[in-house]
Amino acid sequence: MKALVKELLHLTEVRQLTEDVRGGVSPVLVTGVGPVHRAQVEAALHRDSGRPLWVLCADEREARRQAGDLAVLTGETPLVLPARELQWRPMESSRQWENQRLAALYRLGSSPVVVTTPDALVQRCIPPRVLERTALTLAVGQQWDLNALTRRLAGAGYTRCDQVEGPGQFALRGGILDVFSPGMEQPVRCEFFDDEIDSLGIFDAATQRRVENRREALLLPAAEVLPGWEEHTAEDAAANNSDLKQAGSTAKAALQAAAAEETPEEPAKEETAGEPASSTTGVAALGVISGTGVRMRSGPGTGYSILMTMSQNAAV
């Protein structure tokens with residue numbers, strides 16, 4: 001396949017396309033190509049530019065197809081960033097897409113080929129700073145306070161249960177901690193000796209039996225929206241819900257006392273300690289969507305090659 005991609009670069013149209021991209025010409029429209037040919041042009045552009053490749057497809061189905069074609073043509077595994085399903089009424093629903101999205105967001109900066117859709121790009125997502133700080137790596141030999149570790153998992157959106165059955169859950173039984181991270185296909189079991197991780201391995205959620213030993217495991221946050229998260233650490237964020245009322249009462253009393261000392265002739269004005277402002281939600285925005293479509297820049301200073309595939313057209 002690498003030989004095929006190399007030969008494509010000798011075609012007049014593809015050579016002109018790569019020259020335009022290197023020269024900062026944007027946008028460039030390519031017409032009259034089918035899905036497979038679009039993937040071939042994308043792979044050729046990726047090989048010629050040596051830059052990360054972003055492919056913007058019309059829908060999820062087209063994105064999956066393009067990712068499969070690009071995996072064969074480039075020899076790399078493309079990262080597919082899905083859109084998050086929105087629910088406008090309270091109901092029990094699968095969080096499969098959100099789990100996949102969290103795993104993709106964590107790998108976003110290190111993936112050479114990314115395939116996504118306009119819906120996925122314009123959705124608000126977890127801020128990079130919060131994603132980085134709530135992600136946790138457990139390794140054999142590490143020392144943890146189990147209470148602090150469970151508070152940190154709760155602050156990262158995990159739900160405590162008696163037995164782990166799906167992503168976003170954790171269970172603690174004595175010195176055994178089971179966690180199912182959204183970035184993993186199976187849950188991980190950590191066995192503690194006092195406060196040290198003595199062993200770590202993957203287990204089957206159905207049989208609860210270990211199937212593979214590991215030296216370390218990456219635990220991603222279990223949700224994109226973390227109401228308890230603030231600038232402090234995740235374990236404090238999980239614990240601060242119970243401390244907010246007490247802190248608010250203390251601050252209120254201190255403000256009233258200070259006001260009374262400064263202006264004794266006037267009645268002290270009541271001060272109300274409000275809740276801390278929640279952290280600003282980040283926005284995943286790589287392009288601007290207008291009524292005529294999606295326009296993105298691709299020049300020498302951007303560092304990315306971005307392709308948009310819509311129906312039978314592909315625009316760079």
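Select Leu220: setting aside neighbours within four places in sequence, Leu220 is in contact with Leu102, Ala103, Tyr106, Ala135, Tyr158, Ser181, Pro182 and Gly183, where contact means heavy atoms within 4.5 Å. This is a predicted model, in which local features need pLDDT of at least 70 and side-chain atom pairs count only at pLDDT 80 or more, while totals for chains, interfaces and linings use all residues. Residues are numbered from 1 along each chain as its sequence is written, and side-chain values use heavy atoms, with hydrogens and water left out.

Stay on Leu220, which lies in the loop between E13 and helix H9 (234-262); helices (H or I, at least four residues) and strands (E, at least two) are DSSP runs numbered from the N terminus. Leu220 is buried, at 4% relative accessible area; buried means under 20%, exposed over 50%, and partly exposed in between (1.4 Å probe, protein chains only).

Next, show the largest pocket, with a volume of about 290 Å³. A pocket is an open set of points on a 1 Å grid over the protein atoms alone, with protein on both sides within 12 Å along at least five of seven lines; lining residues have an atom within 4 Å of a point. Grid points are joined across faces, edges and corners, and the volume is the space filled by probe spheres set on them. Of the 14 lining residues, Asn99, Gln100, Ala103, Pro182 and Gly183 are the closest to the pocket centre. Helix H5 (96-107) and strand E3 (79-81) each supply at least two residues of the lining, and H5 gives the most, with 6.

Now colour the open sheet of 6 strands, ordered E7-E8-E9-E10-E11-E12 with mixed pairing; two strands pair if DSSP finds at least two bridges between them. Strand E7 (159-160) and strand E12 (210-213) are at the edges with a single partner strand each, so one side of each has no neighbour in the sheet. E10 and E11 pair in the antiparallel sense over 6 bridges. Within this pair, Cys190 stands opposite Leu200 in E11.

Finish with the largest nonpolar core, which has 22 residues; Leu138, Tyr158, Leu177, Val179, Val188, Phe192 and Leu219 have the most contacts inside it. Such a core is a set of buried Ala, Val, Leu, Ile, Met, Phe, Trp, Tyr and Cys residues joined through side-chain atoms within 4.5 Å. Elements giving two or more residues to this core include strand E6 (136-139) and helix H8 (146-155).

Note on methods. 1 Å grid on protein atoms, 1.4 Å probe; cavity = no way out; pocket = protein on both sides within 12 Å on 5 of 7 lines; lining within 4 Å.
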